Amino acid sequence: MAKKVAVIGAGVSGLISLKCCVNEGLEPTCFERTEDIGGLWRFKENVEEGRASIYQSVITNTSKEMSCFSDFPMPEHFPNFLHNSKLLEYFRIVARKFDLLKYIQFQTTVLSVTKRQDFSSSGQWEIVTKSNGKEQSAVFDAVMVCSGHHILPHIPLQSFPGIERFKGQYFHSRQYKHPEGFEGKRILVIGMGNSASDIAVELSKKAAQVFISLRQGSWVMSRISDDGYPWDVVFHTRFSSMLRNVLPRMVLKWMMERQMNRWFNHENYGLEPQNKNEDLNLTP
């Protein structure tokens with residue numbers, strides 16, 4: 001008898017987990033709390049509790065060649081870097097191609113995952129779910145948690161003394177959807193990761209002025225690298241990996257810094273990382 005596997009979440013990890021289970025002759029059941037697949041990559045106009053949230057203009061910072069499933073390339077006509085709607089379209093193609101939807105129970109929330117009393121001998125789990133107001137329990141031989149990790153926003157207000165007297169808006173990037181409504185405002189974006197950089201650039205087209213605050217510098221790189229190839233196709237090669245494994249750390253750092261400064265000199269913009277002798281901070 002095939003082993004029963006519970007998969008929690010029908011985003012990118014949940015879908016590929018379903019496919020792998022089927023390939024291995026297992027019997028998977030996927031529980032998805034919303035009405036559709038896609039997880040993080042399915043844009044919704046409103047922020048939903050317990051679900052990852054993205055802004056409308058999100059584009060991947062990894063190329064389609066490096067982002068696709070290893071046994072199912074993306075369509076050739078897709079752009080190198082995908083708008084979130086295109087990535088969701090790819091997931092739908094995958095779900096149809098491998099007939100994965102039949103394994104998914106939508107609008108079903110997992111309430112608990114517990115070991116059965118005989119777990120030491122059976123290795124089985126009991127999962128309680130809720131759908132249409134009704135609770136159900138089922139027993140599985142294994143559980144794959146694919147619920148994502150971009151759900152809870154971190155806003156350390158204690159780090160901003162006087163914030164209670166601030167009369168403007170303040171919120172996490174999770175709440176941001178599009179630049180409309182920010183016309184003529186002076187905006188401070190804290191951080192310089194991919195989301196912060198995207199949002200700052202987008203807001204600069206509407207706002208009166210946009211500032212970026214960061215504790216230390218960051219290497220800013222283009223998605224497009226040598227000869228027009230996507231950056232990750234050039235960076236993640238066997239040869240590059242071999243170099244990173246054999247070269248002395250200081251030599252590797254020097255090569256990376258030289259490469260980063262080819263686009264523009266970070267020192268001229270006060271962006272040269274203070275910890276440049278430590279791990280690189282990269283913002284494609």
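In this report a residue counts as buried when its relative accessible area is under 20%, as exposed when that area is over 50%, and as partly exposed in between, with a 1.4 Å probe and protein chains only. By that scale Glu 89 is partly exposed, with a relative accessible area of 33%.

The structure is a predicted model, in which local features need pLDDT of at least 70 and side-chain atom pairs count only at pLDDT 80 or more, whereas totals for chains, interfaces and linings use all residues. Residues are numbered from 1 along each chain as its sequence is written, and side-chain values use heavy atoms, with hydrogens and water left out.

**Strands**

Helices (H or I, at least four residues) and strands (E, at least two) are DSSP runs numbered from the N terminus, and two strands pair if DSSP finds at least two bridges between them. Strand E1 (residues 4-8) is joined to E7 by four bridges, and Val 7 has Met 144 in E7 as its bridge partner.

Strands E5 (residues 125-131) and E6 (residues 134-140) run antiparallel and are joined by seven bridges; Val 128 is partnered there by Ser 137 in E6. Two residues lie between the strands of this hairpin, in which Asn 132 takes a positive phi near 55°.

**Salt bridges**

A salt bridge is a side-chain nitrogen of Lys or Arg within 4 Å of a carboxyl oxygen of Asp or Glu, and a search of the whole structure finds 11 of them. The table gives three of these pairs.

| Pair | N to O distance |
|---|---|
| Arg 42 and Glu 35 | 3.2 Å |
| Arg 92 and Asp 36 | 2.7 Å |
| Glu 89 and Lys 86 | 3.4 Å |

Arg 42 is buried, with a relative accessible area of 6%, whereas Glu 35 is partly exposed at 43% relative accessibility. Both residues belong to a network of salt bridges that also links Lys 44, Glu 48 and Arg 51.

The salt bridge between Arg 92 and Asp 36 links distant parts of the chain, since Arg 92 lies in helix H3 (residues 84-97) and Asp 36 in the loop between strand E2 (27-31) and helix H2 (64-67), 56 residues apart. Here Asp 36 is buried, with a relative accessible area of 18%, while Arg 92 is partly exposed at 28%.

Glu 89 and Lys 86, by contrast, are three residues apart in helix H3 and therefore separated by about one helical turn. Lys 86 counts as partly exposed, at 25% relative accessibility.

**The largest pocket**

Grid points are joined across faces, edges and corners, and a volume is the space filled by probe spheres set on the points.

The largest pocket has a volume of about 1,700 Å³ and is lined by 48 residues, of which Phe 171, His 172, Ser 173, Arg 174 and Ile 190 lie nearest its centre. Strand E8 (186-190) and helix H5 (194-203) each supply at least two lining residues, and the largest share, six residues, comes from H5. By class, the lining holds 28 nonpolar, 15 polar and five charged residues, where Ala, Val, Leu, Ile, Met, Phe, Trp, Tyr, Cys and Pro count as nonpolar, Asp, Glu, Lys and Arg as charged, and the others, Gly among them, as polar.

Conventions: On a 1 Å grid over the protein atoms alone, a cavity is a set of points where a 1.4 Å probe fits but cannot get out, and a pocket is an open set with protein on both sides within 12 Å along at least five of seven lines; lining residues have an atom within 4 Å of a point.
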